[in-house]
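Subject: Structure handover

Hello,

Here is the structure we discussed. My notes follow below it.

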Amino acid sequence: FLSSRFALTYLGAVSSVFIVIAILSSFGFINESGKEKYACLFSENLNCLDYKITSTATTVFVENKGSDIVISNVQANGCEKKDENLVLKGGERLLLSLDNCKKEESGKNVERDIKIEYVDASGNGGTITGNVISIVE
């Protein structure tokens, strides 16, 4: 008798907590997708040091952790392709700026997929991909 009373009491309490969480979630008080996201990641040997997305531009400050490369072009979804001829030596830092991006509303969470085409010192071509997620300033 005592164990069944104990089980029913705590089972009722735990059930009440789950019901409250479900109600709060259904009204939008608990919403994972509504959280602002921030990220700047690149494949290969590029390290993202800083980034900024404005209403019409995306700027990324990177550091080359690998060997010397010559960047032939940079592009991002929502922005015009930018042909470059930039030498980025190993250990150096570079500010990449993409202008003429699709106009975005200030305060909106935006994601840009960035693609950098390059040639290394041996003449081999390659592509470095990256991703920047930020709130539009």
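Predicted model: local features only at pLDDT ≥ 70, side-chain atom pairs only at ≥ 80, totals over all residues.

Residues are numbered from 1 along each chain as its sequence is written, and side-chain values use heavy atoms, with hydrogens and water left out.

The sheet
Three strands make an open sheet, ordered β2-β3-β6, with antiparallel pairing. The edges are β2 (46–53) and β6 (93–98); each has a single partner strand, so one side of each lacks a neighbour in the sheet. On average, neighbouring strands here are turned by 20° against each other, direction ignored. Terms: strands are DSSP runs of E, at least two residues, numbered from the N terminus. Two strands pair if DSSP finds at least two bridges between them. Axes are lines fitted to C-alpha atoms, and angles run from 0 to 180 degrees between N-to-C directions.

β2 and β3
Seven bridges join β2 to β3 (residues 58–64), and the two run antiparallel. A hairpin of four residues connects β2 to β3. Asn 47 sits opposite Glu 63 in β3.

β3 and β6
Six bridges pair β3 with β6, again antiparallel. Val 62 faces Leu 94 in β6 as its opposite residue.

Burial
How many of the seven residues of β3 are buried? Five, so β3 is largely enclosed by the rest of the structure. Buried means under 20% relative accessible area (1.4 Å probe, protein chains only).

Best wishes

Terms used: Buried < 20%, exposed > 50% of the residue type's maximum accessible area, 1.4 Å probe, protein only.
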